[in-house]
Every structure is written in C-alpha cells, then in structure tokens.
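Okay, everyone, thanks for coming. Let me put the structure up, and then we'll walk through a few spots in it.

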Amino acid sequence: MRTRVGRRGASLALLTAIALLTACESAPLIPPLGRPIPSGGALFQRYLAMGNSITAGFQSLGINDSTQLESYAVLLAQQFGLTVGLDFNVPLMNQPGCPPPLVNIFTQTRLAGGGTADCALRKRPISPVIHNVSVPGAAVIDVLSHFDPASSPNPLTTLLLGGQSQLEAAAAAQPTFVTLWVGFNDVLGALTTALTAPELAGDPSFITDPADFATRFSSVMAGLDAMPSIQGGALIGAVQVVAAPFVSTGLAYFVAAQSIPTLTVLANCLDTAPIPGGGPNDTAVVFVPFPFGAAKLDSAVAGVPVTLDCSVPEVITVAESINMILAVAQYNGVMALEAAARGWVFVDPNDLLGPFIGDPAFIRPFPAFPPDPAAETEPFGSLLSRDGFHPSGLAHRFVADALITAINAAYGTSVPNL
Amino acid sequence: MRRYLVAVAGALAYGIAASSLTAQGFGLYEHGSCVMARAGAGVAAPCDDASGIFINPAGLTDRRGWTFTAGATIISAFGDFTNDTTGVQSELGNDPITVPHVYIAYGFDDRWAAGVGLFVPYGLGTRWPLSFEGRFAGYDNDLRTVYVQPTLSVKPHPMVALGFGLDVAIGEVELNQRLDFFDQAVPGAPPGVIAGQLGIPRNTEFMDARLTASGATGIGAHVGVLFEPTEQISLGARYITRITLDYDGEAQFRQIETGLILPADNPLAPGMGPVPLDAIVLGLMAPGGPFANQPASTSITMPDQFVAGIAIKPTPELTLLADWQWVHWTVLDTIALSFDNVATPTSLPQNYHNTNGIRLGVDWRATDRWSFRGGVLTHTEASPAETVTPLLPESDRNEFTLGVGVRFTRQFAGNFTYQFVAQNDRRGRMRNPLPGEDPIDLNAGVYEFAGHLFGISLTWKP
C-alpha cells in the first residue's frame with residue numbers, strides 16, 4: 001500500500017512538472033531588444049546628417065574626434081535622444097586629426113605640431129553604419145557622386161566614406177530623419193583660393209552655376225525621396241560666404257589704416273554697389289581675403305610703408321562679391337522650394353547669423369592680430385574657428401538650437417533646446 | 001599580407017564550431033520518432049523499436065529476433081535578425097532538412113542482444129540571404145557528422161541491463177562566407193591599420209570563401225545502464241564519449257567585384273588618379289598569395305554527454321518519463337584552423353558553456369493498436385553572450401512534442417511526431433571580432449529563432 005501511494009505521488013509530481021513547464025512556455029518570449037525609441041520620438045530613431053565640412057565638424061582647417069563631436073549634427077542627435085557611438089555613429093578621426101586643426105593661424109601651428117599632410121586615420125571601433133555622412137569639401141555634386149567631372153574628391157572623401165557617395169552611405173543607414181546642409185562649397189572656392197592661388201580670389205569659375213546647382217540639388221532630393229524610411233527632414237541654406245571674417249571689407253582696412261601710419265588704403269577699397277534685387281540697404285562692397293590683407297598689415301605694423309590697392313586680383317571686387325551673394329541667394333531659393341515641396345524644414349543660416357556679423361564678441365569685422373591674445377584663441381570671433389570660415393563649437397550650438405526650434409514647430413515634436 | 005588569411009581563417013574556424021553547436025541546439029536528439037514524441041525522454045525506458053541503440057544501448061534486451069527501424073526527422077527552422085541601428089530585418093532562408101536514422105537489432109535470448117545504428121547527431125545548417133550583414137561570418141553552412149554504432153546489450157541480472165556501443169563518426173563540412181575588405185590590413189600602412197581606417201566601408205565584400213572538407217573520422221564509445229527495481233519504476237543512464245574529428249579540406253576563393261573606384265589622391269594610392277579596388281584585390285589571388293586556393297585543416301571535438309532518467313508506470317498502459325541531459329560543450333573552448341599559406345594556425349576562443357536539459361514525456365498505450373505520446377523539454381544555451389552569431393543564433397529553448405504510434409500489423413508499426421522548438425530572443429553579433437575588439441561589444445541586434453520538426457519511424461519485426 002505504501003508503495004502504491006509513493007508511485008502515485010511520483011506520477012503526480014511528474015505531471016505537475018510537465019504542466020508547469022508548459023505554462024511557463026505559454027508566456028511570451030523575451031521581446032526584441034533593439035534600440036529603444038529615442039526620447040525625441042520615433043521620427044528621429046535613425047537620424048542622418050549630410051553635408052560638407054561644417055556638418056562633418058571641420059574646424060580651424062582640421063578635423064579630429066573633438067571637433068567632430070562639436071558638430072551641430074551630433075548636438076542634434078543627442079537632443080533627439082540618440083547616443084553617439086551607439087545609434088548615431090560618426091566616422092571619428094584619431095587625434096591629433098586629419099589634418100590636425102590650427103592652434104594659431106598666424107604662426108600656422110597645428111595641433112601636436114602636425115602638418116597639413118598629416119592624417120591620424122579613422123578611430124576604431126568603426127561602425128558598419130554611419131549617421132554623419134558629411135564630407136569636408138563637398139559641393140552639391142559630391143553628395144551625388146565622387147566621379148562626376150564636376151566632383152572634387154579629396155583624401156577625406158576616401159577616409160570618411162570610402163568609395164561611397166553620401167547618398168549611398170545614407171541609404172545604408174535607413175534614415176528616418178535627415179538634415180542636409182550644402183551649398184557653402186559651391187561658392188567658397190572663390191574665397192579659399194586665396195590660400196593657394198590668391199590672384200584668383202573671387203573668380204566666378206569657382207562658383208557653381210545656380211542652374212546647375214538646382215539640377216544637382218533636385219537629384220540629391222530625388223535620391224532621398226527614393227529612401228522609403230525617411231519620414232522628415234530639414235534643409236539648411238548656404239551661408240553667404242562673404243560674411244565670413246576670412247574676408248574683411250575694404251572699409252575695415254580703411255579704418256585700421258587710421259591708426260597705422262605706414263598703411264595706405266586706396267579709395268577703390270571703398271567701392272560699393274547696390275545688390276540687384278536686394279533691399280535699399282543691401283550693398284555690395286570690396287572684400288580683402290585674410291592671407292592677402294594680413295600680410296599687408298604685418299608689413300605695415302613692422303614699419304614698412306604699404307599700400308592696399310583693391311584693384312589687384314587678390315582682392316574681391318564689388319562685382320565679384322555680388323556674383324557670390326546672388327549665387328547663394330539663388331541656391332537658398334532652390335533649397336527652400338525643395339523643402340516646402342516635401343513639408344520639410346528650411347533654415348536660412350544667414351538669418352540666424354546675421355545679427356552677430358560685425359559684433360566683435362561673435363563675428364569680428366576685422367581679425368584680431370597679435371599681440372592681441374584673441375589672435376591665438378578666437379582671431380575671428382567666438383562663432384568662428386581659427387580659419388575664419390568654419391563655425392566654432394559655439395556656432396554649432398546656435399545652429400542646433402535653431403534647427404530644434406524649427407523642427408519642433410514643423411513636426412509638433414518636443415525636442416529640448418540646448 | 002598575412003593578416004588577410006588570418007582573418008579568413010578566423011571566420012571559417014568559427015563557422016565550423018558554430019554549426020556543430022547548432023545541431024545540438026536544434027534538437028538533433030531526434031533519432032527515433034517514438035522517443036522524439038516523448039520529448040526525447042526515454043533513457044530509463046527506451047521504446048520497443050530499435051532506437052535504444054541511441055537512447056540507451058542497454059535497452060536492446062528483452063527481445064528476440066530481428067527488429068528493423070528506419071525513419072527521418074524533417075527540420076524546418078525559421079528565424080531572423082533585427083539590426084539595432086537600421087531596424088532592417090534579415091530572415092533565415094533555410095530549406096527543410098531531412099535527417100535520417102536506421103537501426104537494426106537482434107535479440108539472441110532474454111539476456112543478450114546486439115545491433116547497429118546509424119544516426120546524425122550533428123547535422124544542421126544555416127542559410128542567410130546574401131543581403132544580410134552577417135554573411136561575413138557565414139551565409140551557407142552545412143555540417144554533417146554521421147555516427148555508426150555497433151552495439152551489444154546484456155542483462156546480467158533480471159533488474160539490470162548493460163549496453164556498450166562503439167561509435168564511428170564520419171564528418172563533412174561546407175562553409176561559405178563573404179570577406180569584407182574593411183577588415184583587411186593595408187599594404188604599406190603602419191601595423192594594425194585596417195582598410196576601414198582609410199574609409200573603406202564595412203560590408204565591402206570583395207571575396208567569396210568556400211571551405212569544404214569531408215572524410216573526417218573519429219572513434220568513441222557509448223555505454224548505458226538500466227535498473228528496474230519494480231515493474232513500475234525503472235532508472236537509466238548513458239554516457240557517450242567525446243569524439244575529435246580532424247578535417248582536411250580546401251579553401252577556395254572567388255573574387256567579388258566591388259565596383260569601388262577609389263578617388264584620386266586617396267590614402268591607399270596617394271598621388272595617383274582614381275584606382276579600382278578590384279585591381280588591388282586581384283593581385284592578392286596570385287599563386288602563393290593569401291587568396292589563392294589552398295589546403296586548410298582543423299579539428300573539432302564533438303562533446304561527450306551524460307543522460308540519466310526515470311520512468312514510472314502508474315498503470316500498465318501509462319508511462320511517465322523524465323530525463324536530465326548534460327552536454328560537455330566546454331570541450332569546444334577554442335578552435336584552431338590552419339591554412340597552407342599561413343605559418344601560424346589561428347586560434348579562436350569560443351568559451352561555450354556546458355548545457356543542461358530536462359526532458360519530460362508521457363507515453364499512453366491506448367489500445368494494442370494505438371499509442372499517444374507527448375512531452376516538453378527545456379535546455380540551456382551553449383554559447384555565451386559573446387558568441388551568438390549568424391552561425392549559431394542560439395539561446396535557451398523550450399520545446400513541445402506530440403506523437404502517435406500505430407501498429408499496422410503484428411510485424412509492422414509506425415510512429416509519427418510533431419515537435420515545436422521555441423527559442424528565446426537573444427542579442428548577438430553579425431561579424432567576427434578584429435584583434436583587440438571585445439566580441440560582446442559587437443552584439444548589434446536581436447536574433448529570433450524557432451523550428452518545426454516532423455518525425456517518422458517505421459519498424460518491422462519479422
């Protein structure tokens with residue numbers, strides 16, 4: 001009898017165990033453990049930034065993981081609730097950079113004593129998917145292809161994206177939200193040629209024809225339209241390059257000459273002309289590129305009599321500056337229309353930065369020269385890095401905040417401002 | 001240049017290890033439809049077909065004359081991987097796989113019996129689409145290890161039976177993977193610099209690698225014991241030894257054109273015009289080069305395992321069974337793989353855990369003609385968090401079985417079983433680590449996995 005009871009007990013235990021295991025299995029499996037929806041909302045789950053050196057985080061004629069992480073794109077991603085290195089991947093460059101940024105524009109000293117040809121290569125680990133696909137030097141054509149006759153690839157083109165175009169790299173990321181900031185380099189060459197071929201400053205051949213820009217930009221947008229994952233985006237207009245303190249007005253040099261007896265500024269440096277289609281106060285002026293003007297100033301301060309003649313090819317004439325200003329205005333018109341056609345945000349950076357132009361605390365009208373301590377730290381103002389045309393970390397914060405405000409207004413989101 | 005081949009070796013070696021684990025995890029314990037229907041529980045009470053050769057070699061006694069059992073298990077596995085970053089889901093593309101089993105037993109008298117069995121304890125594969133990022137760890141992989149086991153059973157006491165089998169294992173493997181130029185060392189660059197640091201995107205496939213090896217053999221043993229203190233209760237245990245298989249095969253490489261043209265003045269070719277990447281790769285395939293076809297070899301140890309169980313018969317028609325299974329997967333902690341063109345073999349840590357499984361089954365002989373069976377089993381994962389890959393997207397599993405047995409005639413019977421495999425979702429990675437990388441940091445998504453198994457066994461007792 002005892003044996004029989006024991007057998008029943010054991011049988012019951014086994015049956016109970018089977019029932020318990022079955023019940024256990026009927027519970028749901030562990031849910032997928034993918035990345036959570038970011039705090040900014042599902043719209044920003046896979047945010048992707050496209051653009052040029054500004055978006056890439058290029059500063060002071062160099063780029064490294066410090067400058068890259070100051071980009072407005074990174075700040076935006078963080079405000080969206082994304083984590084850099086986890087769900088917002090930046091192709092970070094090792095320190096000191098590629099090339100290392102300038103630490104003093106007057107001595108041309110770079111970080112860690114590096115040179116313009118130095119490159120510390122990409123920082124590991126390297127994510128398979130990149131969310132900031134911007135490439136320094138990219139004009140609108142470079143977003144489409146590196147191999148178009150009009151493209152202008154550089155070593156960073158390979159280092160950041162290999163053989164991919166920005167559009168190809170973007171498609172791999174399956175973005176849900178995109179920001180695109182191009183157009184700057186479609187004009188900037190007319191300014192930066194002052195670094196390599198000063199006599200070509202302002203040359204219109206460096207400026208992308210607005211009709212070509214429109215065609216190429218439409219192709220870029222068509223490429224984005226072909227990515228079904230994209231639910232929204234923001235376009236940022238081109239910056240009026242002549243507003244960059246890399247160039248100073250002839251008037252600024254004229255004023256400086258008042259306190260430098262050995263500097264003579266000719267009257268042609270004060271030429272002006274109304275900007276066609278502009279308002280009554282929109283006037284184009286003569287611009288003197290920093291390398292050319294600084295050399296003159298340096299000699300004058302050293303006691304050598306110097307004359308600044310603004311009719312030389314190294315100076316950007318009124319006609320040339322009008323050409324640049326109108327090109328940028330037309331680019332921005334194209335971009336605004338493309339944004340409106342899709343219900344995207346369009347932000348004109350000139351509206352954002354305009355109030356700071358000429359304010360010595362932000363965008364200096366005339367660079368700080370040695371022995372002014374600012375000549376080393378902020379020679380062009382706090383919104384500019386040490387090259388005079390790439391924004392500083394502070395400017396990136398301004399841009400990010402402006403974008404957040406515009407995005408929240410357009411999409412009804414609640415992304416916190418910085 | 002050597003780094004190229006080391007990377008290949010690492011990936012291929014990993015593939016072999018993972019596939020063998022997959023077999024265990026996918027329940028290739030199903031070597032007879034009758035015991036399969038009891039969730040594999042039966043070490044204390046093997047079915048009355050000849051599958052006892054596998055489930056417990058001591059279980060062949062108490063029969064006279066011949067017993068022939070043959071059948072197959074059809075495994076239909078399905079699953080997917082969801083990428084954390086992109087949200088892209090890649091689905092496993094496995095076709096159903098058929099795994100056969102054949103047993104022949106002969107009972108000389110009440111005490112002695114002998115037999116021979118053929119079963120495939122390791123034999124599943126994984127097939128992922130070529131669009132899946134995990135193709136660089138393996139996209140089409142097969143590993144089959146057939147065991148042929150001559151067996152002898154004896155009953156030295158009315159309550160005790162012993163069994164012994166000699167296992168001859170024959171293995172073959174085929175692994176296919178794509179190679180990523182991103183991982184490759186850059187000629188002329190400082191040591192440790194990979195192409196990815198020059199901007200080559202990850203997942204830039206430039207080569208298809210195929211490793212085939214067959215004819216690997218190994219010898220092992222299988223012992224079992226049965227103890228029946230009463231007619232209602234029996235206890236059983238078995239132990240199968242580990243078997244090491246030495247694979248000698250060939251690695252074959254086929255170029256995949258990237259179509260990438262590196263822009264002018266790029267770091268791979270400074271001062272030059274646009275350079276096709278494919279031209280650089282082609283040079284690596286020359287005889288003696290890292291991507292020339294060449295012999296390759298490796299060794300894999302199939303782990304030993306121990307199973308103990310109990311069977312209770314509350315009534316003569318009803319049997320309740322419970323087995324505990326322990327598999328010694330830690331024997332596969334590291335894999336070494338050698339290529340002819342590389343002087344030093346590649347060693348890859350696997351760090352597998354031993355696994356424990358509980359199998360609970362019920363067997364009800366409703367009539368002399370019909371029997372009904374069911375069961376549930378659960379077992380732990382073998383792979384640690386750092387080795388959950390496309391080749392072994394493994395996790396803890398729960399499985400359920402239902403089966404029916406029918407005696408068509410006095411000599412001829414059949415068993416039919418359905419089994420569902422439910423695996424917990426698990427985070428895993430898509431690629432193998434580079435030197436200095438922590439594999440667990442590479443887990444970048446979630447694997448989901450499940451499977452349907454259908455078993456059939458036919459038994460003839462002339």
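So, a question to begin: in which hand, left or right, does helix 8 of chain A pass helix 12 of chain A? The crossing is left-handed. Before I go on, keep in mind that this is a predicted model.

Let's stay with that pair for a moment. Helix 8 covers residues 185–196 of chain A and helix 12 covers residues 318–342 of chain A, and their axes come within 10 Å and cross at roughly 165°. An angle over 145 counts as roughly antiparallel, so that's what we call helix 8 of chain A relative to helix 12 of chain A. On the helix 8 side, the contact is made by A:Asp186, A:Val187 and A:Ala190. Helix 12 of chain A brings A:Met324, A:Ala327, A:Val328 and A:Tyr331. If you sort that contact by class, you get six nonpolar residues, no polar ones and one charged.

Now the other helix pair I picked. Helix 4 of chain A, residues 72–80, packs on helix 15 of chain A, residues 393–411, at about 45°, with the axes 8 Å apart. These two are therefore oblique to each other, and their crossing is right-handed. Who's in the contact? From helix 4 of chain A we have A:Tyr72, A:Leu75, A:Leu76 and A:Gln79. From helix 15 of chain A there are A:His396, A:Arg397, A:Val399, A:Ala400, A:Leu403 and A:Ile404. That contact splits into seven nonpolar, two polar and one charged.

Zooming out to chain A as a whole: we've got 15 helices and 12 strands. The C-alpha trace spans about 125 × 45 × 40 Å along its principal axes. The radius of gyration of chain A is 27 Å, whereas a compact globule of 418 residues would have one near 22 Å. Buried residues account for 49% of the chain. And if you take contacts in chain A between residues at least 6 apart in sequence, 71% of them join residues at least 24 apart.

Most residues other than glycine have a negative phi, and most peptide bonds are trans. So where are the exceptions? The bond from A:Gln95 to A:Pro96 is cis, omega near 5°, and A:Pro96 sits in the loop between helix 4 and strand 2 of chain A. Another cis bond joins A:Pro370 and A:Pro371, with omega about 10°; A:Pro371 is in the loop between helix 13 and helix 14 of chain A.

For positive phi, look at A:Gln108, near 60°, in the loop between strand 2 and strand 3 of chain A. A:Gln108 has 11 other C-beta atoms within 10 Å, so we call it exposed. Over in chain B, B:Asp62 has a phi of about 65°. You'll find B:Asp62 in the loop between helix 3 and strand 1 of chain B, and with 15 other C-beta atoms within 10 Å it's partly exposed.

B:Asn293 lies between helix 4 and strand 13 of chain B, and its contacts beyond four places in sequence are B:Glu250, B:Ala251, B:Gln252 and B:Phe253. B:Asn293 is 84 residues from B:Ala209 in sequence, with 9.4 Å between their C-alphas. B:Asp425, between strand 21 and strand 22 of chain B, is 137 residues from B:Gly288 in sequence and 44 Å from it in space, C-alpha to C-alpha.

Terms used
Residues are numbered from 1 along each chain as its sequence is written. Chains are lettered from A and ligands numbered from 1 in the order in which they are written. This is a predicted model: local features need pLDDT of at least 70, side-chain atom pairs count only at pLDDT 80 or more; totals for chains, interfaces and linings use all residues. Axes are lines fitted to C-alpha atoms, for helices over the stretch in contact, and angles run from 0 to 180 degrees between N-to-C directions. Helices (H or I, at least four residues) and strands (E, at least two) are DSSP runs, numbered from the N terminus. Angles under 35 degrees count as roughly parallel, over 145 as roughly antiparallel, 65 to 115 as roughly perpendicular and the rest as oblique. A crossing is left-handed if the near helix is turned anticlockwise from the far one by less than a right angle, and right-handed if clockwise. Two residues are in contact if their C-beta atoms, placed from the backbone, lie within 7 Å. Ala, Val, Leu, Ile, Met, Phe, Trp, Tyr, Cys and Pro count as nonpolar, Asp, Glu, Lys and Arg as charged, and the others, Gly among them, as polar. The radius of gyration is taken over C-alpha atoms; the globule rule is 2.2 Å times the number of residues to the power 0.38. A residue is buried if 20 or more other C-beta atoms lie within 10 Å of its own, exposed if 12 or fewer, and partly exposed in between; C-beta atoms are placed from the backbone.
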